[in-house]
Amino acid sequence: MASVTTATRRKDSVQPKAKVWLYLLLLTLQYGAQPLVSKRFVRREVIVTSLVLACEVAKVLCALILLAVEGSLKRQYDQWTLIGSLTASGLPAAIYALQNSLLQISYKNLDSLTFSILNQTKLFFTALFMYLILRQKQSAKQVGALALLIIAAILLSVGESSGRGSSGGSADQVLLYGIVPVMIASVLSGLASSLCQWASQVKKHTSYLMTVEMSLFGSMCLLASTSQSPDGEAIRKYGFFHGWTMWTLLYPMLLEEFLLALSQLMQEVSERVLS
């Protein structure tokens, strides 16, 4: 009887782990395809702020739909407070809004391989800020993997900025509008991810609710910035959808909603495996 129970428990633990690996694989494919899809769907004439705002709207819609399917939308609404929302999601929202704008700029000035690898340095900065904020340490293997990632990023950055890259732009353009934005975005991503983890553990905020809050707060920050920013002037001059095509309209819906849903599924399964 005991052996049957043990076998059942092992089988139940293997299934979530298999799902984690499946979701990790799908996320890897998504992150690798994202810069390629961006170059294909988004023309250089598209105003960055308009695209980022569209992505934020897509994330809000996706999160609300998933909350409704989950059956917790009304409960989250009843428990929601402005002070709690600002405490948990206000700062990460502003950080993510700036990060998204920087990534859209970098997309246009780096080749897909370089962008993908440089963008993954956010793992290093996430680990760093997780230690500084939550005191979570990494294993020796994890530290070694992060070190290899940083070395690869440095080698690629040197190659691109010295004019040997394949993005087609000048060395100064690649450095200032490609490498620098994506590296700053990686630092911001690591900080925001750690703050979100803190809010999830300390403030008990669900990821769906935080997605809605951060997208709304981030959109407010972007809209406020348009009063003085070059993007705001371009929107007033050419219109919000300047340079958009039907494919551009599909980009935020396909990429952002898929990533949000997949990330949440992986997080839930990972928590069950670790618990």
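This briefing walks through the helices, surface and salt bridges of one protein model. The model is predicted. The protein has eleven helices and zero strands. Of its 275 residues, 41% count as buried.

**Overall build**

- Along the sequence, the pattern reads α-α-α-α-α-α-α-α-α-α-α.
- Take the contacts in the protein with a separation of 6 or more: residues 24 or more positions apart account for 87% of them.
- The accessible surface comes to about 15500 Å². Carbon and sulfur atoms hold 68% of that surface.

**Helix H6 and what follows**

- Helix H6 covers residues 122-134, which makes 13 residues.
- From first C-alpha to last, H6 reaches 17 Å. That is close to the 18 Å expected at 1.5 Å a residue.
- Several H6 residues are buried, among them Phe125, Phe129, Met130 and Leu134.
- Just after H6, arginine 135 takes a positive phi of about 60°.
- Glutamine 142 sits in helix H7, residues 140-164.
- Glutamine 142 counts as partly exposed, because its relative accessibility is 39%, between the limits of 20% and 50%.

- Asparagine 119 belongs to helix H5, residues 112-119.
- Asparagine 119 has a relative accessible area of 7%, so it is buried.
- Leaving aside neighbours within four places in sequence, asparagine 119 is in contact with Leu103, Val182 and Ser186.

**A nonpolar patch on the surface**

- Ile105, Leu175, Leu176, Tyr177, Val180 and Ile184 form this patch. Together they have about 500 Å² of accessible area.
- Helix H8, residues 171-202, gives the largest share of the patch, five residues.
- Valine 180 is in H8. Its relative accessible area is 34%, so valine 180 is partly exposed.

**Salt bridges**

- The structure has three salt bridges.
- Side chains of opposite charge can pair when their charged atoms come close.
- Arginine 43 pairs with glutamate 45, with the closest N and O atoms 3.4 Å apart. Arginine 43 is partly exposed, at 41% relative accessibility. Glutamate 45 is also partly exposed, at 41%.
- Glutamate 56 pairs with lysine 59, with the closest N and O atoms 3.3 Å apart. Both lie in helix H2, residues 48-70. They are three residues apart, about one turn of the helix.
- Glutamate 56 and lysine 59 are both buried.
- Aspartate 78 and lysine 74 meet in a salt bridge at 3.1 Å, N to O. Both lie in helix H3, residues 73-79. They are four residues apart, again about one turn of the helix.
- An α-helix has 3.6 residues a turn, so residues three or four places apart point the same way.
- Lysine 74 counts as exposed, because its relative accessibility is 61%, over the 50% limit.

**Cysteines**

- How many disulfides does the structure hold? It holds zero.
- Cysteine 55 is buried, with a relative accessible area of 3%.
- Cysteine 196 is buried as well, at 13%.

Note on methods: Residues numbered from 1 in each chain as written. Predicted model: local features only at pLDDT ≥ 70, side-chain atom pairs only at ≥ 80, totals over all residues. Heavy atoms only, no water. Disulfide = S-S within 2.5 Å. Buried < 20%, exposed > 50% of the residue type's maximum accessible area, 1.4 Å probe, protein only. Patch = residues over 30% accessible without salt bridge, like charges linked within 9 Å, V, L, I, M, F, W, Y side chains within 5 Å. Areas by Shrake-Rupley, 256 points an atom, 1.4 Å probe, with all protein chains shown as cover. Salt bridge = Lys/Arg side-chain N within 4 Å of Asp/Glu carboxyl O. Helix = DSSP H or I, 4+ residues; strand = E, 2+ residues; numbered from the N terminus. Contact = heavy atoms within 4.5 Å. Expected span 1.5 Å × (residues − 1).
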